[in-house]
Amino acid sequence: MIQEKLDVLSQMMAEHMAMPFPPGFRGLDIEDQDMVMLGANAYGYALGVLNGPLDEQRGKALIRLTAVFEKVLPAIDGEYAAKYYTHVRDLAVLAAEIETLRER
């Protein structure tokens, strides 16, 4: 089950890398979040999950990051940017789900 989820996560990460960054979002803060760093952090944690279990500190940071998206997503203007960051959120949520399954 975990391997299937890891395969999906890997595919989502490849899709993310193929998506152009939303125009106008470099240097933009929404809800006190730097939008470049938000995406980079989500991708970095997901990459860590693909490479093996995260340490406790990073696992907790990933969970906190998924909550940040719930504040940020409603404040995003623009169809493409909303789609882009929804995809990034889904990537982070799946990574957190995989980490939770590993803890059992």
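1. Glu-99 is placed in helix H4, which spans residues 79-103, in what is a predicted model. With a relative accessibility of 6%, Glu-99 counts as buried, because buried means under 20% relative accessible area. Once the neighbours within four places in sequence are set aside, Glu-99 is in contact with Val-49, Gly-52, Pro-53, Leu-54 and Leu-62.

2. Glu-70 belongs to helix H3. The relative accessibility of Glu-70 is 48%, so this residue counts as partly exposed; the class lies between the cut-offs of 20% and 50%. Between Glu-70 and Arg-89 there are 8.6 Å in space, taken from C-alpha to C-alpha, although the two residues are 19 residues apart in sequence.

3. The next point concerns a pair of helices. The axes of H2 (residues 35-51) and H3 (residues 56-72) come within 10 Å of each other and cross at roughly 140°. H2 and H3 are therefore oblique to each other, because angles over 145 degrees would be needed to count as roughly antiparallel. The crossing of these two helices is left-handed.

4. Which residues of H2 and H3 make the contact? On the side of H2 they are Met-35, Leu-38, Asn-41, Ala-42, Tyr-45 and Val-49. On the side of H3 they are Arg-58, Ala-61, Leu-62, Leu-65, Val-68, Phe-69 and Val-72. By class, the residues of this contact comprise eleven nonpolar, one polar and one charged.

5. Two residues link these points. Val-49 of H2 and Leu-62 of H3 take part in the contact of the two helices, and both Val-49 and Leu-62 are also in contact with Glu-99.

How values were computed:
Residues numbered from 1 in each chain as written. Predicted model: local features only at pLDDT ≥ 70, side-chain atom pairs only at ≥ 80, totals over all residues. Heavy atoms only, no water. Axes fitted to C-alpha atoms, helices over the stretch in contact; angles between N-to-C directions. Helix = DSSP H or I, 4+ residues; strand = E, 2+ residues; numbered from the N terminus. Parallel < 35°, antiparallel > 145°, perpendicular 65-115°, else oblique. Left-handed = near helix turned anticlockwise from the far one by under 90°. Contact = heavy atoms within 4.5 Å. Nonpolar A, V, L, I, M, F, W, Y, C, P; charged D, E, K, R; others polar. Buried < 20%, exposed > 50% of the residue type's maximum accessible area, 1.4 Å probe, protein only.
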